[in-house]
Amino acid sequence: MHRLLLALCLLTWIGPVPALSQEAPAPTDPLGDARHKLDLGDHFLDEGRIPKAMEFYFWAARIAPTWWKPHYKLGLALQQARHPAEEVLAHFSRALSASPDVYIVLVAMGEVHEGVEDWPRAEKFYREAMEIAGPVEKVLVRLGAVLLEQRQWDEARKVLDEATRHDPGPAVYHQLARLARTSGDLGEEEQHLRTLLVRAPDPAPYASRLGVILQQTGRARAAEQLAAWLSSDRQSPPPRP
């Protein structure tokens, strides 16, 4: 009896329990919700589940349409799924509309345009990226490559020489070798090819081209030594000129 009276008193004091809503409440933190969905999309993308990743990127973009990152991630996912460049560019463009000064989006735009051989547009976005982040080696190399494609030899030289001052990797010397070959400077091309023999993950294509140069310049014995080194385990350094 005492327990029943106590329960009645509590009910009178608290009042009736409100009925639960059948609809989920709107998020109080839309950006936080969008970030959560973006993280889920990244998780699925890492697992190679691209359609599932795109689903979460899409919802993140719907929740926070003025946030650049979901649009950028959608573009990346479409790229991995080998969708047409036009679709990829549409999402990257939305990202830039939301935030025009994002370095990685500008670089991504340049890379897509470079992939479809739209050299002037690729150059435009690479230059805009450098205006934001400065002379980053990766962008200098890509810019140098598209300048070579446009036969802007002097400007390509200027850009690639700048890249050599920033702890250059093999990609810089690859483009410099291309430039030297275009100008017919076999001596300079050989110099860059020898650098690539040491620095490139796969020296075979550079050794092959160097062998041609050695044959052309009357150094058949050196070409034979280079071929022998290439067919060995390459534990020793490449033969000196």
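Reader: Axes are lines fitted to C-alpha atoms, for helices over the stretch in contact, and angles run from 0 to 180 degrees between N-to-C directions. At what angle do helix α2 and helix α4 pack?

Author: Helix α2 (residues 30-46) and helix α4 (residues 68-80) pack at about 15 degrees, and their axes lie 11 Å apart. Helices here are DSSP runs (H or I, at least four residues), numbered from the N terminus. The model is predicted, so local features need pLDDT of at least 70 and side-chain atom pairs count only at pLDDT 80 or more, while totals for chains, interfaces and linings use all residues. Residues are numbered from 1 along each chain as its sequence is written, and side-chain values use heavy atoms, leaving out hydrogens and water.

Reader: Is α2 roughly parallel or antiparallel to α4?

Author: The angle makes α2 roughly parallel to α4, since angles under 35 degrees count as roughly parallel, over 145 as roughly antiparallel, 65 to 115 as roughly perpendicular and the rest as oblique.

Reader: Which residues meet there?

Author: Leu38, Asp42 and Leu45 of α2 meet Lys69, Pro70, Lys73, Ala77 and Gln80 of α4, where contact means heavy atoms within 4.5 Å. By class, these are four nonpolar, one polar and three charged residues. Ala, Val, Leu, Ile, Met, Phe, Trp, Tyr, Cys and Pro count as nonpolar, Asp, Glu, Lys and Arg as charged, and the others, Gly among them, as polar.

Reader: And Leu40, in which helix is that found?

Author: Leu40 is found in helix α2. Leu40 is partly exposed, with a relative accessible area of 27%; buried means under 20%, exposed over 50% and partly exposed in between (1.4 Å probe, protein chains only). The C-alpha atoms of Leu40 and Ala53 are separated by 7.2 Å, although these residues are 13 apart along the chain.

Reader: New topic: at what angle do α6 and α7 cross?

Author: The axes of α6 (residues 103-115) and α7 (residues 119-133) cross at roughly 160 degrees and come within 8 Å. The two helices are therefore roughly antiparallel to each other. Their contact includes Tyr103 and Leu106 of α6, and Trp119 and Phe125 of α7. This contact has 11 nonpolar, two polar and four charged residues.

Reader: What about α11, how many residues does that helix have?

Author: Helix α11 (residues 186-199) has 14 residues and reaches 20 Å from its first C-alpha to its last. That is close to the 20 Å expected at 1.5 Å a residue, the expected span being 1.5 Å times one less than the number of residues.

Reader: Which of its residues are buried?

Author: The buried residues of α11 are Glu188, Glu189, Glu190, His192, Leu193, Arg194, Leu196 and Leu197. What covers them includes α9 (153-163), α10 (170-183), α12 (204-216) and α13 (220-231).
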